[in-house]
Amino acid sequence: MPSRRLSDLPHGAVATVLAVTAGDHGAEPSTLNRLGELGFLPGEQVQVLRRGPGGREPIAVQIGETLFALRLIEAQCVEISLP
Amino acid sequence: MTIEALATPLRIALVGNPNCGKTALFNLLTGARQKVANYAGVTVERKVGTTKLPNGRTVSIIDLPGAYSLTPATPDEQVTRDMVMGLRAGEAAPDAIVAVVDATNLPMNLRLVLELKRLGRPMIVSINMMDVARKRGLSIDVARLSAELGMPVVETVAVQSHGHAALLAQLERQASWPVPSQQVSQPSSHAELQPEVRRLLALAAPGAREFKRFNHRIDAVVMHPVWGLMLLAALLFLMFQAVFSWASVPMDAIEATMHALGKWVTTQMADGPLRSLLVDGVIAGAGGVLVFLPQILILFLFILILEDSGYLPRAAFLLDTLMGKVGLSGRAFIPLLSSFACAIPGIMAARTIPHWRDRLATIMIAPLMTCSARLPVYALLISVFVPARDVGWFNLQGLTLFGLYVAGVLSAMAVAWVLKHFRSGANYQPLMLELPPYRWPNLRNLAIGLRERAAIFLRRVGGIIFALTVLLWFLSSYPAAPEGAPGSPIQYSFAGQLGKALETVFAPIGFNWQISIALVPGLAAREVAVGALGTVYALSGSEDEVARSLHQVIGQTWSLATAYALIAWFVFAPQCLATLAVVRRETNSWRYPVLMAGYLFALAYAAAWVTFHVTTWLTG
């Protein structure tokens, strides 16, 4: 089961959150903390629904029954596993 | 309960996630008994109102900004945390916390409930939007949830007129609430709370995790890269057209009433200073500003509907990349849209932006969004100098107004882009913006929002605008002209002398001394510029000129170049002391308000200069 990042998840695919970690861009601890508070917690299911105009970011992500707009900087902090 | 206990009001605070319907519940509980805030907008400060329990006890209710957790990420969440924990200077913690929970999103909302529970304070859980949950087949075992949480749990429907009955009944029994468990001082991470959330859901609402909140078919259009942007442009365009076309009937009615009132006072009173004060000062000045109430309310109606329906965060989603290019966050969209009403709530709403540099950039450009106080000035000048012709489906005046708003937005983007290059460190900040499910705007909320807005405007007209108008009337009337002096008497008054002095500064951009005078009281409130012109012209005219409206006077005495230059000036219009004071408070420094006033003045002067000379060249 390869570990990937939420920012790479294709549209429509459902994945499971493994962990929230500071990614390659060195996101601040407050960002990681906030992602947890928003529900990006291990074991939760996530799905990328669409991307903003331009096709890159922001991405609309559904976690549980909540929808968030994320930029790539925070999306790549979320490690996921595809089933 | 003893008489003393009944006499002391119970203080409760509403706490909940953003978008859980907390403000709707507050509106239902308090109705018209709200302390009208100075500036309406998204809740970024606490709001207070009162209600009465069936047993006669008064409850004072504090509505707090929505928060995801008690570890604040933004200044508005800080307000919420400080209030519930009793950390606000001079203000005790509330007697009880009402945790407002969205019934359709228990997995997320219960985490905050558990976090609040750890504070060990008296608490009720109010499960809101029960109607939606029930209609869509989600059952919540309230008794079980209450037993597991060890605190009262009630159901509420904030959009029904008796949807708060259970909450009121529970507040009456406040004395018998269970004694809260020992306070746990260690703040827990949300990951640690999650197993407990899952356990509670399995016991009390097994269907909650499968509940479908979203209508993805609507989002397929609204958030579409092409259709979504077109819809956004169409909505904004419709909003500005409506401000002009829908408001004309009530505006004409108010104007006719003011005119009749002025005539009636003139016939009833003997000529003298008091009559002049009433007719030239109060009715021509403050009355002239009152006319714009319908337009301001229409603008607000649109903003409130967009806000209530859940559309605004979608617009922020669509514009995020575009705004990122000039160094702003997509989150800046909501504060900037509020700034179309007034820059002050806009600047305060910038508190929802976590990163300081992003927030500062948003604050600095907020005054470039055309606020409703500039609407009277634009409306007056457009109605005089732009013909009311139809262009295709549209009205040329509405199009011009839309163009002015666009000019404001474009210059804001340009300023943000320049600011970006002065910033040190990373410009790229996280967004993390919730996109709530769509909801039908609730009529009660719209009515309360509009009432609040009307109250604020009328208070301004009756307060600062009235006072300034009277002051200006005095300065324009005294000292009186010497016997037999040529010209109109106002030229010899204090205001006339001041206007003449200022004219040397403003003559290069085409402003005459009457306009120069009007700009001075406009420093305190931009709308006063219109009232001031009304007073100045009413006093400077001969008897039959007074009978003519301000429209006719400026239409005959100003050149097109002067009118356009004044419009261009007001696109940037630095003169709003209240905005500068709020910038001082929100940034906690004098540096930014001084910088703001300086750059706005320079831009306004330059824009008016170019407009004046280009128009003179084209028409001359």
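Predicted model: local features only at pLDDT ≥ 70, side-chain atom pairs only at ≥ 80, totals over all residues.
## The contact between chains A and B

Chain A contributes 28 residues to the contact and chain B contributes 32 residues. On the side of chain A that touches chain B, the elements giving two or more residues are helix 1 (29–37), strand 3 (45–51), strand 5 (66–70) and helix 2 (72–75) of chain A. Helix 1 of chain A supplies the largest share of that side, namely six residues. By residue class, the side of chain A that touches chain B is made up of 12 nonpolar, nine polar and seven charged residues.

Strand pairing also extends across the two chains, in that strand 5 of chain A pairs with strand 9 (residues 433–434) of chain B in the antiparallel sense, over two bridges. Within this pairing, A:Phe68 has B:Glu434 of strand 9 of chain B as its bridge partner.

Helix 4 (residues 106–117) of chain B has 12 residues, and the span from its first C-alpha to its last is 16 Å, close to the 16 Å expected at 1.5 Å a residue.

This helix is mostly covered, with 11 of its 12 residues buried. The buried residues of helix 4 of chain B include B:Leu106, B:Pro107, B:Met108 and B:Leu110, and also B:Arg111, B:Glu115 and B:Lys117.

## The six-stranded sheet of chain B

Chain B holds an open sheet of six strands in the order 2-3-1-4-5-6, with mixed pairing. Strand 2 (47–52) and strand 6 (153–155) of chain B stand at the edges and each have a single partner strand, so one side of each has no neighbour in the sheet. From one strand to the next, the twist averages 25 degrees.

Strand 1 and strand 3 (residues 58–63) of chain B run parallel and are joined by five bridges; along this pairing B:Leu10 stands opposite B:Val59, while B:Ala13 has B:Ile62 as its bridge partner. Strand 2 and strand 3 of chain B, by contrast, pair in the antiparallel sense over six bridges, with B:Gly49 opposite B:Ile61. The hairpin that these two strands form has five residues between the strands, and in this hairpin B:Gly56 takes a positive phi near 95 degrees.

## Helices lying across the strands

Helix 3 (residues 75–84) of chain B lies across strand 1, strand 3 and strand 4 of chain B, and runs at about 140 degrees to strand 1 of chain B. Helix 7 (residues 165–172) of chain B lies across strand 1, strand 3, strand 5 and strand 6 of chain B, running at about 150 degrees to strand 6 of chain B.

## A helix pair in chain B

Helix 13 (residues 293–308) and helix 20 (residues 443–477) of chain B pack at an angle of about 145 degrees, with 10 Å between their axes, and their crossing is right-handed. Among the residues that make the contact are B:Leu293, B:Ile296, B:Phe300 and B:Asp308 of helix 13 of chain B, together with B:Leu446, B:Gly449, B:Arg453 and B:Phe457 of helix 20 of chain B. The residues of this contact comprise 11 nonpolar, two polar and two charged.

How values were computed. Residues numbered from 1 in each chain as written. Chains lettered and ligands numbered in written order. Contact = placed C-beta atoms within 7 Å. Helix = DSSP H or I, 4+ residues; strand = E, 2+ residues; numbered from the N terminus. Nonpolar A, V, L, I, M, F, W, Y, C, P; charged D, E, K, R; others polar. Pairing = 2+ DSSP bridges. Expected span 1.5 Å × (residues − 1). Buried ≥ 20, exposed ≤ 12 C-beta atoms within 10 Å, placed from the backbone. Axes fitted to C-alpha atoms, helices over the stretch in contact; angles between N-to-C directions. Left-handed = near helix turned anticlockwise from the far one by under 90°.
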